[in-house]
Amino acid sequence: MTTTEFGIVYAVHIITSHFGSVASKVCECLLRRGPLSSREISRLAESDINHTKVKDILYLLIQHNCVQAFSIEPPDGSESKATVQYIALFSNILHRARYNKFSKVVNEELGSQCSGVLDGLLSNGRLTLEQLIDRDRDSKKQMGSEAIRDSLQKLVAARFVERVPSPEPVLGNKDEGPAQKKRGAKASKIFKEPESLDERILEAATPVDAIRFPFIFEQGSSSTVADDDSNISEGKRKQPEVDYTSGPSNEVIWRPNFEELIRRLRHKACVEMVKERRDEGCANVMKAMLEVGRSQEKKAKTDKSLQMSMGSIYEELIKTDAGREMTQERVEACLEQLSATSSYLPAFVIESDGSYIVDFKSIISVAQKDEMESVVMRRYGKEAFRMFRYLSQEDRFVETDKIADAALTEKKDTPQILLKMWKDGYLHMQKLAVTGVYMPFLLWKVNKLVVSRQMLDEMYHASLNLSLRLTHETDSEKEVILTLLLLPMEKLEGALKERRNKYRAKSVLLTSARFKLDDAIMLFHDF
Amino acid sequence: MSTRRRPAAPISSSSGMTEDTKKILGFIRSKQGIGATKYEITAGTSIQQALVTKATTSLKKSKLIKEVSNKGGKHFLAMEFEPCKELQGGHWYVDGALDVSMIEGLKEFCVKRIEQLKNEVVTLDVIYLCFKKDTLTREQIKEILDNLVLDNVIMAVKSNGSSEHSALRIGEVCYKLIGKKSGGGEARDGAFASIPCGACPHIGLCTPDGAISPTTCVYYQKWLDF
């Protein structure tokens with residue numbers, strides 16, 4: 001999905017808050033115009049930023065994983081050198097607003113020491129082991145170098161941390177457009193869709209697993225990934241001779257692996273959805289299934305898991321306290337429930353010859369539907385809610401009167417309600433002129449992709465608004481905030497105490513609302 | 001100069017109508033309960049619109065036709081015919097307006113019955129029997145139940161022959177109240193809908209430094225006013 005307008009505005013706001021306005025101008029230039037060289041950025045950025053300053057900012061943004069450099073191989077026979085260009089990593093910029101969620105995931109799985117090491121990588125972007133140890137020496141609560149080393153090893157083994165990608169991967173100069181069009185219908189089913197430039201760059205930059213997670217292979221684990229040649233792709237053959245993925249002391253540079261962190265959050269959201277819509281037992285079974293299938297997932301946003309047997313699910317389930325309380329019969333009943341489909345709720349699991357597959361797309365679609373319908377209800381009212389649900393069910397164009405009949409709304413009021421939703425991008429509309437009929441018929445439809453994109457844009461906008469409002473409240477209560485630092489609660493009295501309580505309550509409300517809204521943003525963008 | 005008056009135009013001996021007016025009345029009568037709009041009369045009789053307007057006014061005054069308004073505009077019916085359901089809007093319309101209180105009352109009744117019968121399999125037939133004979137048709141009750149499904153108050157579940165639905169034919173629909181015990185859970189409250197921006201009709205006009213902005217927003221003010 002291409003980035004929406006408020007997606008860009010929100011991303012720029014995050015960069016401004018963390019790195020200042022000059023960095024945000026460089027970032028905005030890349031987000032709006034796509035890949036550019038440093039000279040082009042210097043020329044095109046809103047205010048004049050000299051070339052040296054642009055390079056400094058680019059290195060800063062690369063350090064913090066917000067920008068990736070790359071170059072494209074010049075055409076065969078050409079004498080021109082490949083120019084280094086830069087691309088903004090929109091998803092990684094948004095991740096900056098959810099570092100505490102990533103920290104929590106690691107804390108729950110690996111403990112506070114590991115989450116402490118991860119925090120260091122999150123706040124500094126990328127560090128070597130030596131730099132992590134130095135950072136620990138300067139901190140109040142020291143862990144010690146052994147603990148740091150041990151924690152880093154655990155983080156890499158769990159794939160929460162990875163070796164930094166290639167700094168400047170070189171892409172082959174492919175001109176695939178016209179050739180692809182000549183392929184027939186059959187061929188298009190066999191060959192996958194061409195990747196976008198962003199996807200090609202990231203794929204080219206990502207090293208093979210053996211390099212990306214090196215500790216795993218040094219320990220001689222049973223993983224067969226190292227033997228799997230499919231990990232090597234075209235871009236990876238063009239790794240630079242000098243290894244820039246190591247620090248000055250030839251130590252490896254590490255960074256958070258956002259793909260794995262997002263995968264964990266996605267799994268968490270799926271378990272939560274199953275718990276809400278089914279029960280605790282089904283949620284435990286789902287959790288076990290996700291554990292079984294996780295290591296085999298090729299990408300974070302996969303539609304379905306691999307097949308797994310009842311035996312492997314039960315084996316994983318009984319590793320937990322809650323799972324040990326479940327009999328095999330109960331697990332089978334849960335799997336039957338999860339595989340059941342109705343007009344109300346689709347199946348979350350696909351059963352096939354005694355094997356089971358988690359249908360991620362189905363689970364996420366239910367959560368997305370809940371979000372969409374909640375907004376329609378709150379913004380446009382109950383009648384609009386019925387109309388929206390009717391059109392979502394029908395999934396085709398329907399004429400105005402038929403909608404009014406199905407939703408049992410006044411025929412003369414129905415067009416106004418539908419028009420309001422259409423103006424805000426929640427409905428698709430078509431006019432149908434019929435010979436002999438004075439007024440053309442209006443036909444309406446819910447286009448889920450278009451609505452998802454519209455909602456995502458509005459959610460970025462809302463998240464930006466929450467952040468700006470918090471800043472506004474903080475600025476308005478500077479005096480009160482000072483007292484928070486200087487005086488304990490018991491010493492405050494009267495109006496000042498009340499103001500401080502009010503400010504605190506507002507701050508908590510705004511922060512928690514942004515936290516929950518970010519879950520909804522991930523639902524539409526990352527999951 | 002002659003002082004004789006010009007003779008009057010020839011009129012029908014039965015009602016004093018012009019030929020055009022008779023033709024229009026005949027056309028309207030032929031449409032029975034569906035009625036006809038001015039556009040349809042003009043197209044159907046090939047008489048100019050201005051003359052159609054004059055004729056319909058005169059026929060209304062003579063109480064030979066009546067006017068029924070609905071979303072599609074004004075329809076003319078011959079006095080001897082009642083407007084059909086489609087013209088009125090459907091069987092939920094009374095005097096051209098949707099009978100909202102009746103519909104809401106019926107919905108409430110159906111929900112209560114489904115709640116009382118929660119240990120049974122509730123099909124359309126079961127709900128139909130809860131009503132007095134001839135008050136509502138099965139089609140009307142189904143419309144009410146379908147409307148409750150759209151309200152997300154009940155769910156319609158098709159029998160697949162499993163143990164839960166063993167009493168039903170495969171493919172027959174039964175209705176349940178939405179909730180954890182029904183096996184589908186309740187839809188969650190949206191995170192976006194629970195903040196002012198989610199409900200705001202002016203989000204398209206809102207900008208960080210504009211007249212409508214998060215710092216000046218009245219909805220935010222109310223939300224944070226505690």
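Contact is taken here to mean heavy atoms within 4.5 Å. The model is a predicted one, in which local features need pLDDT of at least 70 and side-chain atom pairs count only at pLDDT 80 or more, while totals for chains, interfaces and linings use all residues. Residues are numbered from 1 along each chain as its sequence is written, chains are lettered from A and ligands numbered from 1 in the order in which they are written, and side-chain values use heavy atoms, with hydrogens and water left out.

Leaving aside neighbours within four places in sequence, A:Ser362 is in contact with A:Pro346, A:Ala347 and A:Phe348. A:Ser362 belongs to helix α20 of chain A, where helices (H or I, at least four residues) and strands (E, at least two) are DSSP runs, numbered from the N terminus. With a relative accessible area of 7%, A:Ser362 is buried; the term stands for under 20% relative accessible area, with exposed over 50% and partly exposed in between (1.4 Å probe, protein chains only).

Among the contacts in chain A with a separation of 6 or more, 66% come from residues 24 or more positions apart.

A:Tyr356 and A:Ser309 are 47 residues apart in sequence, yet their C-alpha atoms are 6.2 Å apart in space. Beyond the neighbours within four places in sequence, the contacts of A:Tyr356 include A:Met289, A:Leu306, A:Met308, A:Ile313, A:Leu335 and A:Val349.

A:Leu464, in helix α24 (residues 448-476) of chain A, is likewise a buried residue, at 2% relative accessibility. With neighbours within four places in sequence set aside, A:Leu464 is in contact with A:Phe6, A:Val9, A:Tyr10, A:His13 and B:Pro208. A:Leu464 and A:Met286 are 178 residues apart in sequence and 34 Å apart in space, C-alpha to C-alpha.

Aromatic side chains come next. Over all chains, the structure holds 8 aromatic pairs. Rings of Phe, Tyr and Trp (its six-membered ring) pair if their centres lie within 6.5 Å; planes under 30 degrees apart count as stacked, over 60 as edge-to-face and the rest as tilted. The pair of A:Tyr99 and A:Phe102 is tilted, because the ring centres are 6.4 Å apart and the planes stand at 40°. These two residues are 3 residues apart in helix α6 (residues 99-110) of chain A, so about one helical turn separates A:Tyr99 from A:Phe102. Both A:Tyr99 and A:Phe102 are buried.

The pair of A:Tyr380 and A:Tyr426 is edge-to-face, because the ring centres are 6.0 Å apart and the planes stand at 65°. A:Tyr380 lies in helix α20 (residues 360-380) of chain A and A:Tyr426 in the loop between α23 (414-423) and β11 (428-432) of chain A, so this pair ties together parts that are 46 residues apart in sequence. A:Tyr380 and A:Tyr426 are both buried. Ring pairs also join A:Tyr10, A:Phe90 and A:Tyr460 into a cluster.

A charge sits over a ring if NZ of Lys or CZ of Arg is within 6 Å of the ring centre and within 35 degrees of the ring normal. The charged end of A:Lys101 is placed over the ring of A:Phe515, 4.4 Å from its centre, and in chain B, B:Arg138 lies over the face of B:Tyr128, at 5.0 Å from the ring centre.

Helix packing in chain B deserves a look too. The axes of helix α1 (residues 19-30) and helix α2 (residues 38-45) of chain B come within 10 Å and cross at roughly 115°, which means that α1(B) is roughly perpendicular to α2(B) (65 to 115 degrees, with under 35 roughly parallel, over 145 roughly antiparallel and the rest oblique). In α1(B), B:Lys23, B:Ile24, B:Phe27 and B:Ile28 meet B:Glu40, B:Ile41, B:Gly44 and B:Thr45 of α2(B). Axes are lines fitted to C-alpha atoms, for helices over the stretch in contact, and angles run from 0 to 180 degrees between N-to-C directions.
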